[in-house]
Amino acid sequence: MDDCLFCRIARNEIPAHVVYEDDEILAFLDLHPIRPGHSLVIPKQHHVWFEDLPPDLAARITTCAQQLARHMKRIYRVERVGFFYTGIHVPHAHAHVVPMHHNHDVSSQAYLLDGAGGFSAPPQLPAEENRRIAQDLSAAFA
Ligand SMILES: [Zn+2]
């Protein structure tokens, strides 16, 4: 998939604020975070749907998200972290990991501005802030 956005990020052809990387998976900041720290975890190999991921690969993504979530709870002082696949936007399986400051963060008006049938992306953060956030989160894997 030469023109897939997330394959290109996985190949380092497009920059991202990387939080974690190994030979099979990559975690980086969502460009339109619901909350600061909102990260995406993707397989480097192209799969459209999460249900088609080989079990070992799916487990690596989940394990990475668990590690991130534990860290997010500490640094953002949140009680819960959302973890979900939606299949929306980029046709390359990606898991969202979102520090939840409010129970409705992952179903909020900010994320669903046009109502449940529509979709508006939350605003982007300045690059400098993203650099700092990515650095804070990558400490989970140090
Ligand atoms: Zn892809």
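Q: Which residues is alanine 27 in contact with, leaving aside its neighbours within four places in sequence?
A: With those neighbours left aside, the contacts of alanine 27 are Val19, Tyr20, Ser39, Leu40, Val41, Cys64 and Leu68. Contact here means that the C-beta atoms of two residues, placed from the backbone, lie within 7 Å. The model is predicted: local features need pLDDT of at least 70, side-chain atom pairs count only at pLDDT 80 or more, and totals for chains, interfaces and linings use all residues. Residues are numbered from 1 along each chain as its sequence is written.

Q: What makes E1 and E2 paired strands?
A: Strands pair if DSSP finds at least two bridges between them; E1 and strand E2 (residues 25–29) have three, in the antiparallel sense, so they pair. Valine 18 has phenylalanine 28 in E2 as its bridge partner. Three residues lie between E1 and E2, which form a hairpin. Strands (E, at least two residues) and helices (H or I, at least four) are DSSP runs numbered from the N terminus.

Q: Why do E1 and E4 stand at the edges of the sheet?
A: The open sheet has five strands in the order E1-E2-E3-E5-E4, with antiparallel pairing. Strand E1 (18–21) and strand E4 (80–85) each have a single partner strand, so one side of each lacks a neighbour in the sheet. From one strand to the next, the twist averages 20°. Helix H2 (residues 55–76) packs on this sheet, touching E1, E2, strand E3 (39–43), E4 and strand E5 (95–100), and its direction makes about 15° with that of E5. Helix H3 (residues 127–138) also packs on the sheet, touching E1, E2 and E3, with its direction at about 35° to that of E1. These angles run from 0 to 180 degrees between N-to-C directions, with axes fitted to C-alpha atoms, for helices over the stretch in contact.

Q: Why is histidine 94 called buried?
A: A residue is buried if 20 or more other C-beta atoms lie within 10 Å of its own, exposed if 12 or fewer, and partly exposed in between. Histidine 94 has 26, so it is buried. Histidine 94 sits in the loop between E4 and E5. Leaving aside neighbours within four places in sequence, histidine 94 is in contact with Phe6, Leu40, Val41 and Ile42. An unreviewed UniProt entry lists His94 for "active site".

Q: Which element gives the largest share of the largest nonpolar core?
A: This core has 29 residues, and Ala27, Phe28, Val41, Ile42, Ala65, Leu68 and Val97 have the most contacts inside it. Helix H1 (5–10), E2, E3, H2, E5 and H3 each give two or more residues. The largest share, six residues, comes from H2.

Key: A nonpolar core is a set of buried Ala, Val, Leu, Ile, Met, Phe, Trp, Tyr and Cys residues joined through C-beta atoms within 7 Å. UniProt positions are given in the numbering used here, feature names are shortened, and annotations may be inferred rather than shown by experiment.
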